[in-house]
Amino acid sequence: MYDKNLMSASTTMLVLSILNEGDGYGYSIIKALEQRSENAFSLKEGTLYPILHGLENEGLVSSYEMTDSGRKRKYYHLTDSGRKAYQDKLAEWESFSYDVNKVLYGDALPQA
């Protein structure tokens, strides 16, 4: 498992990434994150829902309820503002990770 400081800095971007692929409810977002990361990232509901509520308050996601397999679930949908925020965060992450790798690897940095 990764250091909590590393995780907290990236969880919002990871959640936006999952929602960029399509709408989801809490458990499905957690499972998609685990699957895509080969279990390297796993969020607890107590971590995920405050992130989702914050994104909703910022207008980056919207929510709606739907009955699925007899259960009422709250689904989250990435808004247009959320897609832009995701693209911005992704660009920032790519730039940041490139600069960190320059420091770590110096001249041995593989060319993209």
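**Exercise 1. How many aromatic pairs does the count come to, and how is the pair of Tyr 25 and Tyr 75 arranged?**

Step 1. The count comes to three aromatic pairs, where rings of Phe, Tyr and Trp (its six-membered ring) pair if their centres lie within 6.5 Å, and planes under 30 degrees apart are stacked, over 60 edge-to-face and the rest tilted.

Step 2. Tyr 25 and Tyr 75 make an edge-to-face pair, with 5.3 Å from centre to centre and 75° between the planes.

Step 3. This pair links distant parts of the chain, with Tyr 25 in strand β1 (residues 24-25) and Tyr 75 in strand β3, 50 residues apart. Helices (H or I, at least four residues) and strands (E, at least two) are DSSP runs, numbered from the N terminus.

A quick word on the model: it's predicted, so local features need pLDDT of at least 70 and side-chain atom pairs count only at pLDDT 80 or more, while totals for chains, interfaces and linings use all residues. Residues are numbered from 1 along each chain as its sequence is written, and side-chain values use heavy atoms, leaving out hydrogens and water.

**Exercise 2. In what sense do strands β2 and β3 pair, and over how many bridges?**

Step 1. Strand β2 (residues 61-68) and strand β3 (residues 71-78) pair in the antiparallel sense over eight bridges; pairing takes at least two bridges found by DSSP.

Step 2. Ser 62 has His 77 in β3 as its bridge partner.

Step 3. The two strands form a hairpin with two residues between them, and Ser 69 in the turn has a positive phi of about 55°.

**Exercise 3. Where is Glu 34 found, and which residues does Glu 34 touch?**

Step 1. Look in helix α2 (residues 26-36) for Glu 34.

Step 2. Glu 34 is buried, its relative accessible area being 13%.

Step 3. Leaving aside residues up to four places away in sequence, Glu 34 touches Asn 39, Phe 41 and Ser 42 (heavy atoms within 4.5 Å).

Definitions and conventions. Buried < 20%, exposed > 50% of the residue type's maximum accessible area, 1.4 Å probe, protein only.
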